[in-house]
Amino acid sequence: MKKAWWHDKIAYQIYPKSFYDSNGDGIGDLPGIISKLDYLKDLGVDILWLSPIYKSPLADQGYDIADYYSIDPRFGTMEDMEHLIAEAKKRDMYILMDLVVNHCSDEHEWFQKASADPDGEYGNFFYIEDTNDERRPCNWRSYFGGSVWEPLPGRPDKQYLHVFHKKQPDLNWENPRVREEVYKNIRWWMEKGLGGFRIDAIINIKKKLPFADYPVDREDGFSDIGNMLADAEGVGEFLGEMAREAFRPYDAFTVGEVCNEKEDEIKNFIGEDGYFSSMFDFCGTCYGKSDKGWYDSKPYLTPEEYKSCIFKTQKKVGDIGMVSNIIENHDEPRGVSHYIRPEDLCEDSKKLLAGVYFLLKGMPFLYQGQEIGMENVAFESLGDVDDISTLDEYQVALKAGMKPEEAFKAVIAFSRDNARTPMQWNDSENAGFTVGTPWLKVNPNYKSINVEAQEKSEASVLSFYKKLTALRRDPEYKETLVYGDFEAYLEEEENLIGYYRIGDRKVLVLANFQKEERGVKLPGEVRKILINNQEGLDINAGGVVLSGFQMVALEIL
Ligand code: GLC
Ligand code: CA
């Protein structure tokens with residue numbers, strides 16, 4: 001693998017709205033992030049990905065951009081942003097912005113102009129068709145429910161396409177003018193000193209044209225967008241062009257939100273001359289999701305299911321490139337609530353999960369609050385939920401015949417708001433996130449789960465994450481942990497997650513993902529215990545005895 005500057009870095013996702021509020025309006029902001037840079041440095045992360053902070057009506061929390069060149073005043077000013085980039089640089093840290101270019105906001109000037117004059121220049125920035133509700137160009141279902149077609153404001157004879165919310169009209173990537181605008185924007189931000197971008201929902205930029213129906217797959221009469229995407233060819237041409245025109249000249253680090261690539265396409269995406277530097281591994285995210293909707297999906301995975309997901313990706317990607325490993329993000333429930341069975345959830349199992357995913361081959365990404373083991377929220381009613389996706393999935397559950405209470409219970413485990421509640425800094429009111437009223441209620445468990453308490457304890461989840469980041473930086477093991485091959489170990493043993501990282505050293509990761517202790521045979525002599533989520537390790541002649549939920553990384557001779 002040709003070496004790149006970002007290979008040995010550790011990334012951290014900030015959801016700005018919920019990170020830290022510096023001025024008491026209940027909304028996290030850029031000065032708030034700046035004030036926490038030392039905390040992040042101390043945690044041992046280098047790359048900070050910020051979910052969108054551009055000017056936006058926040059219909060989808062900033063993933064609906066009204067101006068790509070300005071900061072939403074709720075988050076701060078352009079000076080704050082420049083200050084953040086500079087302060088990060090001082091600490092050898094890098095800032096990633098979120099590149100949301102499958103769509104913009106319906107409040108973006110382009111869309112306003114397109115609505116006023118659909119036959120003019122900007123009409124072609126979007127997909128606008130002569131049509132109405134009775135005869136739509138196709139039957140695709142929007143990701144947030146209902147048809148992807150919506151009447152153009154003031155024009156009952158025309159509709160526009162939105163694969164997400166109706167306030168997120170899709171940009172027409174077939175139009176070279178649109179692509180040039182996107183590249184210009186990327187260059188403009190890179191000139192400001194960014195490290196790169198996380199690239200939102202990017203697979204959607206290529207539509208199968210002309211618009212046509214796909215098989216109806218729910219009672220609502222629509223068809224999942226995935227059906228169309230599987231058929232759409234040529235996204236690579238756009239992505240290759242974007243890399244050439246905008247990313248490579250700056251040696252940007254880019255990580256794609258890519259979910260449905262075909263297996264032989266991995267090298268095109270993240271190989272040496274790939275479109276992106278990296279892409280997220282969503283295997284565990286997608287596992288157990290039902291085509292019918294959240295209500296019919298699996299709220300958590302068993303250890304065996306989790307193992308099958310991470311191993312599958314590791315084997316598939318091999319030495320082609322670096323995936324980005326995650327257990328959570330702003331679109332998912334909390335990792336510890338999703339990958340650990342409720343009856344198994346404890347400090348040790350949280351650390352076990354941390355160790356297992358963090359030491360896989362690839363780039364570890366943390367999501368704010370993950371480092372203290374934040375959990376899903378015990379939401380009491382839909383009134384406490386803001387997320388548009390949850391509100392839609394609730395309707396889907398009702399339509400499938402569930403009673404309201406049942407429907408709420410079934411979908412709430414997947415709510416994106418589980419991960420969007422304010423960061424828990426300390427045990428003072430509102431978890432120290434704001435002195436005002438937080439935009440979304442704080443998880444009531446902040447009294448026991450917060451940064452301040454965990455900073456004081458050697459045994460905390462936070463301290464364990466610091467050990468993990470330190471291990472990955474350790475000059476003796478860095479080469480192996482960054483570039484070393486992955487090889488499964490005792491894969492068939494139930495509730496055991498074991499794997500090697502083999503580089504100039506041989507590191508064996510072992511995790512006993514169950515309450516009961518177990519003996520595990522070792523392939524060689526232990527030179528050193530590199531990390532251990534519990535005190536002590538029982539090493540005997542042929543192996544080790546791991547206590548319930550014990551996780552260790554051992555250097556093997
Ligand atoms: C991505 C984002 C998600 C957003 C969607 C539309 O999946 O991560 O939060 O709703 O794209 O932009
Ligand atoms: Ca604020």
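The model is predicted, so local features need pLDDT of at least 70 and side-chain atom pairs count only at pLDDT 80 or more, while totals for chains, interfaces and linings use all residues. Residues are numbered from 1 along each chain as its sequence is written, chains are lettered from A and ligands numbered from 1 in the order in which they are written, and side-chain values use heavy atoms, with hydrogens and water left out.

**The ligand site**

- Let's start with ligand 1, which has 14 residues around it. Being near a molecule here takes one heavy atom within 4 Å of it.
- The closest of these residues are D60, D200, E257, H330 and D331.
- Sorted by class, the shell holds seven charged, four nonpolar and three polar residues. Asp, Glu, Lys and Arg count as charged; Ala, Val, Leu, Ile, Met, Phe, Trp, Tyr, Cys and Pro count as nonpolar; the others, Gly among them, are polar.
- Some polar contacts can be picked out (a polar contact is a pair of N or O atoms within 3.5 Å; within protein, one must be able to donate a hydrogen and the other to accept it, and residues adjacent in sequence count only if both atoms are side-chain atoms).
- E257 has a side-chain N or O atom 2.9 Å from an oxygen atom of ligand 1.
- R198 puts a polar side-chain atom 3.0 Å from a ligand 1 oxygen, and R416 also has a polar side-chain atom 3.0 Å from an oxygen atom of ligand 1.
- On its own, ligand 1 has 310 Å² of accessible area, and the protein covers 95% of that. Such areas come from the Shrake-Rupley method with a 1.4 Å probe, and for residues only the protein chains shown count as cover.

- Helices (H or I, at least four residues) and strands (E, at least two) are DSSP runs, numbered from the N terminus.
- Strand β12 covers residues 253–256, with F253 and V255 pointing one way, T254 and G256 the other, and all of them buried. Buried means under 20% relative accessible area, exposed means over 50%, and partly exposed is in between (1.4 Å probe, protein chains only).
- On one pairing, β12 runs parallel to strand β10 (residues 196–199) over four bridges. Strands count as paired if DSSP finds at least two bridges between them.

**Strand β2 and its partners**

- Strand β2 (residues 47–50) is covered on both faces: I47 and W49 sit on one side, L48 and L50 on the other, and all are buried.
- Four bridges pair β2 with strand β1 (residues 11–14) in the parallel sense, and A11 stands opposite I47.
- Three bridges link β2 to strand β5 (residues 94–99), again parallel. In this pairing L48 faces I95.

**Two buried residues**

- S415 is in the loop between α14 (404–412) and α15 (451–455). S415 counts as buried because its relative accessible area is 0%.
- The side chain of S415 has a polar atom 3.1 Å from the backbone nitrogen of D417.
- Setting aside neighbours within four places in sequence, S415 contacts W294, E332, P333, V385, D387 and T390. Contact means heavy atoms within 4.5 Å.
- K9 sits in the segment before β1, and K9 is buried because its relative accessibility is 15%.
- Beyond residues up to four places away in sequence, K9 touches D46, I47, Y94, M363, P364 and R472.

- Which peptide bond is cis? The one from L209 to P210, with omega near -5°.
- L209 is partly exposed because its relative accessibility is 35%.
- L209 and A232 are 23 residues apart in sequence, with C-alpha atoms 7.9 Å apart in space.
- N495 isn't a glycine, yet its phi is positive at about 60°. N495 lies in the loop between β16 (485–488) and β17 (496–502).
- F549, also a residue other than glycine, has a positive phi near 55°. F549 belongs to the loop between β22 (543–546) and β23 (551–556), and F549 counts as buried because its relative accessibility is 6%.
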